[in-house]
Amino acid sequence: MSPKLYNSLTRRVEPLETIEPGKVRMYCCGVTVYDNCHLGHARCYIAWDVVRRYLKWRDYEVRYVQNFTDIDDKILNRARQEGSSMEEVAERYTQTYFEDMKRLNVLEADEYPRATHTIDGIKRLIHELENKGYAYASGGDVYYKVRQFSEYGKLSGRKFDEMQAGASGRVESEDAEAQKKKDPFDFALWKGAKSGEPAWDSPWGSGRPGWHIECSAMVRQSLGETIDIHCGGADLIFPHHENEIAQSEAVTGKPLARYWMHNGFVTVNGEKMSKSLGNFTTISDLLRVTDPMVVRLLVLMAHYRKPIDFTDEAISAAKNGWNTIKEGLLFGDLHGDQFGWDSEKIRKLPLDNNEAVQQFQGAMDDDFNTPGALAVLFELAKELRRDRNILVHGGKIETPGEVLQQKWHTLVSLADEVLGLTNRISISATIRIDQSEVSLTGLKVIRGLKDEDIEALIQQRLAARKAKNFAEGDRIRNELKDRGITLIDQKDGTTIWHRN
C-alpha cells in the first residue's frame, strides 16, 4: 500500500500515485540568499528532508531539487547597504545555508538550480507565454495576464475580489509599475533594467526576471513539465505557488505538480517571528546553545502541517526527548560487546519487519505523521534505557540478547535513516562551545563541567545526604543531569558517574 499525503490543491488526503511507478520527482522552494536562515527555514527543510528520507526508505527512487533565489530586491538592498555586490551577498548566504543544514543533518538536494543560472530558460518561458496571449510587454517590463488563466486561484481558493492588487512580488508596487499594468492583478515576469542593478539582455530590453517565473523555469529545466510533489512553506501558497501554476500550466497545458505540500508556520512564544519584536532567531544562533538534534526533534514532534511555537518549554521537552532517544541509540555502542555484537555490522543489516516497524510505517504512511512515528521510537528507547540502567548497576537483565539486538537495530535504523536523528554527526558538523541549554527570551548558557568539578559536586551531594538534607542532594543530582552527567549510586555507598 502506498503512502497517503495531504494535497493542498485538492484539500484532501490522497494515496501517492507517481507519474513513473517507483519514482518521485520532488521540488522544494529554497531560500532567497540575502540573510542567515531562521527557525522557519529549519522547520521547512527538516520537514521535507524527512518526507524525502521516508520515501527513499519505502523504496522510491527520489529526485529532490531545491532552488536558490540569487537575484531579488532583498539581495540587492543588502548589497547596497554593505557596499558589496549581489553575487557576494548571494554566495555568502548560500554557504551559511549549507553550514546550517549540515548541522541539522538535512541531506543535500540532488540539484540546486539558481535563478541566475536559468536565465535562458526563464526568457524562453516568458516568450512562450507571450505567444499564447498570457503575457504582454509594457515599458521595458513584461507582465502576466492573470485573468486570462481561468483556473487562477485554484490552489489558494482565493477569488479576484478577495485578492490584493499588486501582488507581483515581495515589495509593494510603485505607482510607475502600476501604470504599466493592464490589470492591477497582473504580476511581473520580467523587470526592466535599473541603474546600478544586474541585468541581462532579452527581446524586451535589458532587465532581470520576476520572482515567480524563476521557479517555473527551474522546475521545468530540472524535473520536466509535470512533477510528482511540489513543496514549501504555507506562506508561499499565495501568490508564489499560485503564480507558478498559472505560468507553467498556461504554457504546457499540463498540471505543474500532482501533489502540493505545505508546512505550517513558526512562532516564538506565541508571536510571529520578527526583528522588530526582538524574537528573530537564526539557526546559527540557536545551534550555538543547543544540540542540533534537539531542534530537529522539536520540529518532528509536531505534524508538518501544524504550526510550531518555539518556547523554552518546547525546547526543554525536546531536549528531554532527545536524551531518551540518544540513550537508546548508545546502547549498542556501549554495551554491544557484552553480547558479542558487532555494532557497525548490525547497523548495515536489513531491517526485520517487526511490530515496531509496522507501527512506525503505519504512522508515516498516514500523511507523514512524525509524532506517531516518534511514539514508536520513544517506546523502544525507553525499553533499551531500562535494560541499560540494570547493566550499569551491575544487575542481570531478563531480555534475551537477540531481542535487545532487534530493538536497538530497529531504533537506530528508523531514527537515523528515516528521521535523521543521529548521535553520529561528525564534530566538524556540530560546532559546540560547551554543554548548553537555550532560552529564546534571553540566551542562557550553562558551561560544561570538568571532571574535578563533577567529583566536587558528588562529594557535596554525599555530604548533604549524610546530613539528611535530601533536597540538596536531589538538587545537585538534577543540576548534573541538566549538564549531561548521570549519577549511579552503588550498594557500597559510593557514587559513580558518566557523561551522556
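**View 1. Helix 6 and helix 7 cross with right-handed geometry.** In a right-handed crossing the near helix is turned clockwise from the far one by less than a right angle. Helices are DSSP runs (H or I, at least four residues), numbered from the N terminus. The axes of helix 6 (residues 211–223) and helix 7 (residues 237–252) come within 9 Å and cross at roughly 55°; axes are lines fitted to C-alpha atoms over the stretch in contact, with angles from 0 to 180 degrees between N-to-C directions. Contact (heavy atoms within 4.5 Å) involves, among others, Trp-211 and Arg-220 of helix 6 and Pro-239 and Val-251 of helix 7.

The model is predicted: local features need pLDDT of at least 70, side-chain atom pairs count only at pLDDT 80 or more, and totals for chains, interfaces and linings use all residues. Residues are numbered from 1 along each chain as its sequence is written, and side-chain values use heavy atoms, without hydrogens and water.

**View 2. Helix 4 (residues 119–131) packs on helix 6 at about 105°, with axes 9 Å apart.** That makes helix 4 roughly perpendicular to helix 6.

**View 3. Trp-48 touches residues including Met-26, Tyr-64, Met-261 and Tyr-304.** Residues up to four places away in sequence are not counted for Trp-48.

Terms used
Helices (H or I, at least four residues) and strands (E, at least two) are DSSP runs, numbered from the N terminus. Angles under 35 degrees count as roughly parallel, over 145 as roughly antiparallel, 65 to 115 as roughly perpendicular and the rest as oblique.
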